[in-house]
Amino acid sequence: MTSPQEPVPVRPVLPVRSDLAGLEPYGAPQLDVRVRLNVNENPFPPSSAVVEDIAASVGRAAAGLNRYPDRDFPELRAALADYLAVESHVRVDPGLVWAANGSNEVMVQILQAFGGCGRTVVSFAPTYSMYHEYARDTCTRWVQGERGDGFRLDVDEVELVLEREHPSVLLLASPNNPTGTALDPESARRVLDLTRASGPEVEGGRAATLVVIDEAYGEFRRDGVPSALEMLADNPHLVVSRTMSKAFGMAGLRLGYMVAAREVIDAVMLVRLPYHLSAVTQAAALAALRHREELMAQIAGLRGERDALATWLREQGYTVADSDANFVLFGTFPDREGVFRALLDRGVLIRVVGPEGWLRVSVGTPEETAAFRAALTEVTA
Ligand code: PMP
């Protein structure tokens, strides 16, 4: 307490990092509206069987919460490996699976271990806008090239950027957000060949560039599009990142994971915070994975909805990016903000993202998608 006679203490200036000063935190609006199609979630809540199993498992974990959780969570890693064997027909050693609180955290850990001050991370726009924040937060130099026609990765452009920048990490989302574009296997193979010695100098020679293929939306890929998991065996510089947030319908759980070579896992374990994955998260994730068949059954339906939505948008005369994800990028609008707001006025929340003029809509339940179609028709009439 200060008396009237005492001078008011000068409020000290706090030493926030100069590159953070004045920035706004990242995040799509979390609005309580009728139809939420803005962050690519699975629109179906877990069934009561899943909810009950999660609740019982978390209850058992709660009895041991006086202890720190298992730092290495082998049971969860084995369950994730089993899931991938069913989902992608690739059997990976559970020891090569690593998990964290969302794939966002997995990728930050990768940059903590392989990026850092004096290092460079590269990606190709338009792509997931969090990538440059991972770079900023880990003191890694951020370089962004451009995608080619139809938002496809232009491997010649990748080669030029690699030769110029010698990045230690290349981040490629496949399917890409916000465009939905999957990386074709031939391009992936070429990129993996180009990156065997394109990285920073290490011990007098060129190290590889670590290629992170972010398959957050991998389960939604169309038939015939392989997962990059198939290429892991021949490419120790490949990391495949996945998440339970999207197709698996567990965005609220915060569980992302990756598969990579032993040396990558070992390096990430050096930078992870101790006990980063809570016992509650581990128990809930294991319970959810026990119901994988039920959760995976929704994926086919969502893919069908996605294709129908893209077809409908094309029939309305929009340009639509081919999508292997659970969202569709469409346009172009002279005033996309106006369209976004008019949809919101009708209780439909989508996302203003991607190149100027484009909008992105997530695939919802059939009722939600119908509400979006009706609102868009009204707004653009
Ligand atoms: N990668 C991509 C391409 C994404 O779109 C997202 C979420 N929007 C993530 C990663 C992060 O997902 P999570 O942290 O929930 O696993």
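The model is predicted. The ligand sits in the largest pocket.

**Ligand contacts**

- The side chain of D214 places an N or O atom 2.6 Å from a nitrogen atom of the ligand.
- The side chain of R254 has an N or O atom 2.7 Å from an oxygen atom of the ligand.
- N104 takes part through its backbone: an N or O atom there lies 3.1 Å from a ligand oxygen.
- On its own, the ligand has 400 Å² of accessible area, and the protein covers 92% of that.

- R254 lies in the loop between β9 (238-243) and β10 (256-259).
- Its phi is positive, about 65 degrees, although R254 is not a glycine.
- R254 counts as partly exposed because its relative accessibility is 32%, between the limits of 20% and 50%.

**F151: positive phi away from strands and helices**

- F151 also has a positive phi, near 65 degrees, and is a residue other than glycine.
- F151 is in the loop between β4 (141-146) and α5 (155-165).
- At 14% relative accessibility, F151 falls under the 20% limit and so counts as buried.

**Cis peptide bonds**

- A125 and P126 are joined by a cis peptide bond, with omega about -5 degrees.
- P126 lies in the loop between β3 and α4 (131-137).
- S174 and P175 are also joined by a cis peptide bond, with omega about -5 degrees.
- P175 is in the loop between β5 (169-173) and α6 (185-194).

- T120 belongs to strand β3, residues 120-125.
- T120 has a relative accessible area of 7%, so T120 is buried.
- The T120 side chain makes a polar contact with the side chain of R141, at 3.2 Å.
- N38 lies in the loop between β1 (35-36) and α1 (48-62).
- N38 is buried because its relative accessible area is 3%, under the 20% limit.
- N38 and V361 are 323 residues apart in sequence, yet their C-alpha atoms are 6.1 Å apart in space.

Notes:
Residues are numbered from 1 along each chain as its sequence is written. This is a predicted model: local features need pLDDT of at least 70, side-chain atom pairs count only at pLDDT 80 or more; totals for chains, interfaces and linings use all residues. Side-chain values use heavy atoms; hydrogens and water are left out. A polar contact is a pair of N or O atoms within 3.5 Å; within protein, one must be able to donate a hydrogen and the other to accept it, and residues adjacent in sequence count only if both atoms are side-chain atoms. Accessible areas come from the Shrake-Rupley method with a 1.4 Å probe; for residues, only the protein chains shown count as cover. On a 1 Å grid over the protein atoms alone, a cavity is a set of points where a 1.4 Å probe fits but cannot get out, and a pocket is an open set with protein on both sides within 12 Å along at least five of seven lines; lining residues have an atom within 4 Å of a point. A molecule sits in a cavity or pocket if more than half of its atoms lie within 2 Å of its grid points. Helices (H or I, at least four residues) and strands (E, at least two) are DSSP runs, numbered from the N terminus. Buried means under 20% relative accessible area, exposed over 50%, partly exposed in between (1.4 Å probe, protein chains only).
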